[in-house]
Amino acid sequence: MSDKKSVSAMTMMFVVVGNMLGAGILAIPVNLCAAGLYPAIAATLVMWVLMTYTALIYAGQKSLTYNEHADLPTFFHEELGSIGKWVSIVANMIVLYGVLVAYLAGISAIIMSLQSTVSMSVVMIIYFIVVTSMTAFGMTMMKKCTPAMVITMWITFGMLVFMVVPDVTATNLEHFDWSYVPAGLPVLLMAFHFHNIIPSICRTLDHDAKKIKTAIIGGTTIGMLMNMTWLFVVLGAVPLSSPNGVDLISAFAKNQPATIPLEQLLKTPAFTYVALVFALVAMSTAFMANGTALMSFIRDLTATYMGTKNKSLVWCLSFIPPLLVALIYPDIFLVAINMVGGVGECIIFGILPGFIVWKYSAPGSFKRMTGIALIVCFSAVLLIELGQETGLLHLSPNVEYWTHPLRNRAP
C-alpha cells in the first residue's frame with residue numbers, strides 16, 4: 001500500500017517538474033544576464049518560496065479541487081464575486097495562451113538555428129501537430145508519458161551541464177548589478193509555473209494532503225535546483241557581451257533561448273543535438289500540461305456561456321489562437337514569457353491567492369500578514385512589467401550600450 005502511495009506522489013512530482021521546466025528555464029539566463037549570477041540566484045530562491053506557497057494555497061481550496069467540472073473562473077466567482085471571476089478569466093487567458101505561443105516560438109527558433117532548408121512556419125506547424133495530438137489525451141497521456149519525458153529531460157540536462165562546465169570562467173561570473181533583477185522577475189514567475197494543473201494533481205492523488213504537499217514541494221525544489229544550475233553554467237560560459245555577437249545581450253536582443261548562444265559558442269555537434277532533445281522534451285512536456293489545463297479552462301467557459309462542451313470546439317478555441325499568433329510573430333519568445341509572468345501569472349498565481357489567504361485568515365494573524373505580503377510582492381512585479389511594456393520604465397539591459405564596439409575593445 002505504501003509503495004503505491006509513494007509511486008503516485010512521485011508520478012505527480014514528475015508532472016510538476018515537467019510543467020515547470022519549459023520555456024522558463026531556457027529564458028531566465030538571457031533575461032537575468034545583466035543582473036549577474038548572485039542576484040539571479042537570490043531572486044530565484046525568493047520566487048521559489050513565493051510560488052510554492054501560492055501553489056499550496058490553491059491545493060488547499062476544496063471548492064476548486066473537489067469539483068471535477070470547476071476551473072479557476074468558477075472558483076474565483078464563488079470566492080471573490082464577479083470581479084474576481086473576470087479578472088481570473090483574463091489573467092488565465094494571458095497565461096495559457098501566452099505559454100503555448102512561447103513554446104511554439106521557442107522550439108521553432110531553436111530548430112531554425114540548426115537548419116535553413118525548411119521554413120519556420122512549416123517547422124512550427126509540424127511541431128504543433130505532433131504536440132497537440134499528444135495533448136488531446138489529457139491527464140491520461142501525461143501520467144503515462146511524463147515520468148519518461150522528465151527522466152529524459154534530466155539526463156539531457158546533466159549532459160548539457162557536463163559539456164558546458166569546462167567553459168565556465170570566473171571572469172564571466174564577476175559581473176553583477178542588482179538594479180536589473182526586477183526585469184527578470186516575470187521570467188522567474190514563468191519558470192515556476194505549474195499552478196493550472198493543481199486541481200488535476202489533487203484529484204489524481206485522491207486529495208491526500210501529504211502526497212499533494214510532497215508532489216508540489218518536491219517538484220518545485222527540483223525545478224529550483226535545475227534553474228540555479230542552469231543559471232550558473234550559462235552565465236559562466238557565455239559572455240555578457242562580445243565583439244562577435246555570441247553573447248547573452250545579443251540573445252536578449254534577438255528574443256532567443258539560452259541554448260542558441262551556447263550552440264554558437266561551443267560549436268560541437270554533440271551539444272547541438274543534446275540541446276535540441278532537451279528543449280524539445282522540456283517544452284513538449286510543459287506544452288502538454290498547459291494545453292490540458294487550457295482545454296479544461298475553455299471547456300468551463302463554453303459550458304457556462306455557450307451551453308456546450310463540444311470537443312472539437314474546445315480544441316479549436318484552445319490551440320488555433322496561439323498557433324496563429326506564433327506564426328504571425330515568430331520572434332515573440334521572450335516577449336510572450338514576460339507578458340505571461342509579469343501580467344497573467346502575477347495576477348492569478350500571486351495576487352488572487354493573496355486575497356484568498358487574507359479573506360480566510362483571522363485579523364492580525366501571521367497568516368493574514370503573509371496574504372498581504374503576497375499581494376504587495378506580486379503587485380510590485382505587475383507594476384514593473386506594465387511600466388516596462390508601456391515605456392514608463394526601462395530596466396532591461398541597453399543592447400546598444402552593451403554591444404558598442406568601444407565597450408568590447410580590449411584594453
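Author: Gladly, and we can begin with two helices. Helix 16 and helix 17 are roughly antiparallel to each other, a label for angles over 145 degrees. This is a predicted model, where local features need pLDDT of at least 70, side-chain atom pairs count only at pLDDT 80 or more, and totals for chains, interfaces and linings use all residues. Residues are numbered from 1 along each chain as its sequence is written, and side-chain values use heavy atoms, leaving out hydrogens and water.

Reader: At what angle do helix 16 and helix 17 pack?

Author: Helix 16 covers residues 333-360 and helix 17 covers residues 366-390. Their axes, lines fitted to C-alpha atoms over the stretch in contact, are 8 Å apart. With angles running from 0 to 180 degrees between N-to-C directions, the packing angle is about 160 degrees.

Reader: How many residues of the contact of helix 16 with helix 17 are nonpolar?

Author: Nonpolar here means Ala, Val, Leu, Ile, Met, Phe, Trp, Tyr, Cys and Pro; Asp, Glu, Lys and Arg count as charged, and the others, Gly among them, as polar. The contact has seven polar and five charged residues, and its nonpolar residues number 16.

Reader: Is the pair of Phe128 and Trp315 stacked or edge-to-face?

Author: Rings of Phe, Tyr and Trp (its six-membered ring) pair if their centres lie within 6.5 Å; planes under 30 degrees apart are stacked, over 60 edge-to-face and the rest tilted. The centres of these two rings are 6.1 Å apart and the planes are at 65 degrees, so the pair of Phe128 and Trp315 is edge-to-face.

Conventions. Helices (H or I, at least four residues) and strands (E, at least two) are DSSP runs, numbered from the N terminus. Angles under 35 degrees count as roughly parallel, over 145 as roughly antiparallel, 65 to 115 as roughly perpendicular and the rest as oblique.
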